[in-house]
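Open your viewer and get ready to click along.

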Amino acid sequence: LIRKFNILGIKADIKFLAVREIVKCGGNQEVLKYHNLDSKSIAKHIKIFAKKENIVIVVQARFNSSRLNGKILKTIGYSKISFLKLQILRLQNIKTKTKLVIAIADNQESIPIIDLCKKLSVSYYLGSEKNVLQRTVNAANYMNADIVVRTVSDCPFIDIDCIDKVI
(Lines give C-alpha, C1' and ligand atoms only; values in the text may rest on other atoms or scores of the structure.)
Protein backbone atom coordinates (compact mmCIF):
# COMPACT_ATOMS: atom_id res chain seq x y z
CA LEU A 1 0.00 0.00 0.00
CA ILE A 2 1.63 3.24 -1.14
CA ARG A 3 0.12 6.59 -0.29
CA LYS A 4 1.37 10.08 -0.94
CA PHE A 5 1.38 12.38 2.08
CA ASN A 6 1.93 16.09 2.48
CA ILE A 7 1.95 16.95 6.16
CA LEU A 8 3.21 20.36 7.24
CA GLY A 9 4.88 20.81 3.87
CA ILE A 10 6.76 17.48 4.05
CA LYS A 11 6.05 15.31 1.02
CA ALA A 12 6.64 11.58 1.24
CA ASP A 13 5.55 8.29 -0.27
CA ILE A 14 4.74 5.95 2.58
CA LYS A 15 4.76 2.24 1.89
CA PHE A 16 3.29 1.29 5.26
CA LEU A 17 2.46 2.71 8.65
CA ALA A 18 2.06 0.56 11.71
CA VAL A 19 0.85 1.04 15.26
CA ARG A 20 1.64 -1.23 18.18
CA GLU A 21 -1.99 -1.91 18.96
CA ILE A 22 -5.39 -0.92 17.67
CA VAL A 23 -7.84 0.99 19.81
CA LYS A 24 -11.17 -0.85 19.97
CA CYS A 25 -13.17 2.23 19.07
CA GLY A 26 -12.73 5.90 18.44
CA GLY A 27 -12.17 8.41 15.72
CA ASN A 28 -8.90 9.72 14.33
CA GLN A 29 -8.33 12.24 17.12
CA GLU A 30 -8.93 9.61 19.81
CA VAL A 31 -6.52 7.17 18.16
CA LEU A 32 -3.86 9.88 17.86
CA LYS A 33 -4.35 10.86 21.50
CA TYR A 34 -4.20 7.21 22.62
CA HIS A 35 -0.81 6.77 20.88
CA ASN A 36 0.45 10.19 22.04
CA LEU A 37 0.69 11.44 18.47
CA ASP A 38 -0.05 14.75 16.84
CA SER A 39 0.44 16.07 13.32
CA LYS A 40 3.95 17.39 14.09
CA SER A 41 5.19 14.09 15.53
CA ILE A 42 3.71 12.15 12.59
CA ALA A 43 5.35 14.55 10.14
CA LYS A 44 8.68 14.04 11.93
CA HIS A 45 8.37 10.26 11.62
CA ILE A 46 7.41 10.52 7.97
CA LYS A 47 10.38 12.81 7.30
CA ILE A 48 12.73 10.31 8.94
CA PHE A 49 11.20 7.41 6.98
CA ALA A 50 11.33 9.32 3.68
CA LYS A 51 15.09 9.88 4.09
CA LYS A 52 15.88 6.20 4.51
CA GLU A 53 17.48 5.06 1.32
CA ASN A 54 19.85 2.26 2.26
CA ILE A 55 18.00 -0.81 1.00
CA VAL A 56 19.94 -4.01 1.63
CA ILE A 57 19.22 -7.47 0.30
CA VAL A 58 20.43 -10.11 2.75
CA VAL A 59 20.91 -13.58 1.32
CA GLN A 60 21.09 -16.26 4.01
CA ALA A 61 23.74 -18.79 2.99
CA ARG A 62 25.25 -21.91 4.50
CA PHE A 63 27.15 -24.79 3.01
CA ASN A 64 25.77 -27.53 5.26
CA SER A 65 22.43 -29.04 4.39
CA SER A 66 20.73 -32.09 5.86
CA ARG A 67 19.50 -33.25 2.44
CA LEU A 68 22.28 -32.12 0.06
CA ASN A 69 25.51 -30.68 1.42
CA GLY A 70 26.90 -27.81 -0.62
CA LYS A 71 23.76 -27.53 -2.75
CA ILE A 72 24.10 -23.74 -3.19
CA LEU A 73 27.43 -24.28 -4.95
CA LYS A 74 26.19 -27.13 -7.15
CA THR A 75 25.92 -26.24 -10.81
CA ILE A 76 22.55 -26.00 -12.47
CA GLY A 77 22.02 -28.62 -15.18
CA TYR A 78 24.85 -28.64 -17.69
CA SER A 79 25.81 -25.04 -16.99
CA LYS A 80 28.91 -24.06 -15.09
CA ILE A 81 27.02 -21.67 -12.85
CA SER A 82 26.05 -22.46 -9.27
CA PHE A 83 22.71 -21.78 -7.61
CA LEU A 84 24.23 -19.04 -5.45
CA LYS A 85 26.17 -17.40 -8.29
CA LEU A 86 23.06 -17.25 -10.48
CA GLN A 87 21.07 -15.76 -7.63
CA ILE A 88 23.74 -13.12 -6.93
CA LEU A 89 23.93 -12.16 -10.61
CA ARG A 90 20.15 -11.85 -10.77
CA LEU A 91 19.93 -9.78 -7.56
CA GLN A 92 22.64 -7.44 -8.87
CA ASN A 93 20.27 -6.60 -11.75
CA ILE A 94 17.47 -5.22 -9.60
CA LYS A 95 16.49 -1.79 -10.92
CA THR A 96 16.02 -0.24 -7.47
CA LYS A 97 19.23 1.00 -5.88
CA THR A 98 20.15 -1.69 -3.35
CA LYS A 99 23.16 -3.20 -1.65
CA LEU A 100 23.69 -6.93 -1.44
CA VAL A 101 25.23 -8.92 1.42
CA ILE A 102 25.56 -12.66 1.82
CA ALA A 103 24.99 -13.73 5.44
CA ILE A 104 27.25 -16.77 5.76
CA ALA A 105 27.46 -19.34 8.57
CA ASP A 106 30.84 -18.93 10.27
CA ASN A 107 32.51 -22.31 9.82
CA GLN A 108 35.25 -23.99 7.77
CA GLU A 109 32.79 -25.34 5.19
CA SER A 110 31.86 -21.75 4.22
CA ILE A 111 35.25 -20.94 2.66
CA PRO A 112 34.04 -21.70 -0.93
CA ILE A 113 31.08 -19.31 -0.39
CA ILE A 114 33.45 -16.59 0.83
CA ASP A 115 35.67 -17.19 -2.21
CA LEU A 116 32.66 -16.79 -4.52
CA CYS A 117 31.68 -13.53 -2.81
CA LYS A 118 35.21 -12.19 -3.22
CA LYS A 119 35.30 -13.26 -6.88
CA LEU A 120 31.99 -11.48 -7.57
CA SER A 121 32.90 -8.44 -5.39
CA VAL A 122 29.89 -9.02 -3.14
CA SER A 123 29.84 -8.08 0.53
CA TYR A 124 29.52 -10.89 3.02
CA TYR A 125 29.01 -11.26 6.74
CA LEU A 126 30.05 -14.24 8.87
CA GLY A 127 27.71 -15.10 11.73
CA SER A 128 26.08 -17.83 13.78
CA GLU A 129 25.38 -21.09 12.00
CA LYS A 130 22.56 -21.99 14.40
CA ASN A 131 20.87 -18.59 14.86
CA VAL A 132 19.97 -17.60 11.30
CA LEU A 133 17.79 -14.67 12.37
CA GLN A 134 20.65 -13.15 14.39
CA ARG A 135 23.04 -13.65 11.47
CA THR A 136 20.58 -11.86 9.16
CA VAL A 137 20.05 -8.97 11.59
CA ASN A 138 23.80 -8.59 12.12
CA ALA A 139 24.44 -8.63 8.36
CA ALA A 140 21.83 -5.90 7.87
CA ASN A 141 23.38 -3.83 10.68
CA TYR A 142 26.84 -4.40 9.17
CA MET A 143 25.53 -2.81 5.96
CA ASN A 144 23.74 0.01 7.87
CA ALA A 145 20.43 -1.07 6.35
CA ASP A 146 17.34 1.11 6.64
CA ILE A 147 15.20 -1.40 4.76
CA VAL A 148 15.96 -5.13 4.54
CA VAL A 149 14.90 -7.64 1.91
CA ARG A 150 15.68 -11.18 3.08
CA THR A 151 16.04 -14.17 0.82
CA VAL A 152 17.62 -17.61 0.99
CA SER A 153 20.59 -18.82 -1.04
CA ASP A 154 18.98 -21.80 -2.73
CA CYS A 155 16.45 -19.78 -4.72
CA PRO A 156 18.27 -18.88 -7.97
CA PHE A 157 15.11 -18.14 -9.94
CA ILE A 158 13.86 -15.49 -7.55
CA ASP A 159 11.61 -12.96 -9.31
CA ILE A 160 13.64 -9.74 -9.32
CA ASP A 161 10.75 -7.79 -10.87
CA CYS A 162 8.64 -8.77 -7.88
CA ILE A 163 11.39 -7.60 -5.50
CA ASP A 164 11.53 -4.27 -7.33
CA LYS A 165 7.77 -3.85 -6.91
CA VAL A 166 7.89 -4.71 -3.21
CA ILE A 167 10.71 -2.25 -2.56
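Show the whole surface: the chain's accessible area (Shrake-Rupley method, 1.4 Å probe) is about 11400 Å², and 54% of that belongs to carbon and sulfur atoms. This is a predicted model, where local features need pLDDT of at least 70, side-chain atom pairs count only at pLDDT 80 or more, and totals for chains, interfaces and linings use all residues. Residues are numbered from 1 along each chain as its sequence is written, and side-chain values use heavy atoms, leaving out hydrogens and water.

Switch to cartoon. You will find six helices and six strands, which are DSSP runs numbered from the N terminus (helices: H or I, at least four residues; strands: E, at least two).

Now select β3, residues 55–61. Seven of its seven residues are buried (under 20% relative accessible area, 1.4 Å probe, protein chains only), so β3 is largely enclosed by the rest of the structure. I55, I57, V59 and A61 point one way, while V56, V58 and Q60 point the other. In a regular strand, side chains alternate between the two faces of the sheet.

β6 (residues 147–152) runs parallel to β3, joined by six bridges, with I55 opposite I147. β4 also pairs with β3 in the parallel sense over six bridges, and there V56 has K99 as its bridge partner.

Last stop: select L100. Beyond its neighbours within four places in sequence, L100 is in contact (heavy atoms within 4.5 Å) with residues including I57, V59, I88 and M143.

Methods. Buried < 20%, exposed > 50% of the residue type's maximum accessible area, 1.4 Å probe, protein only. Pairing = 2+ DSSP bridges.
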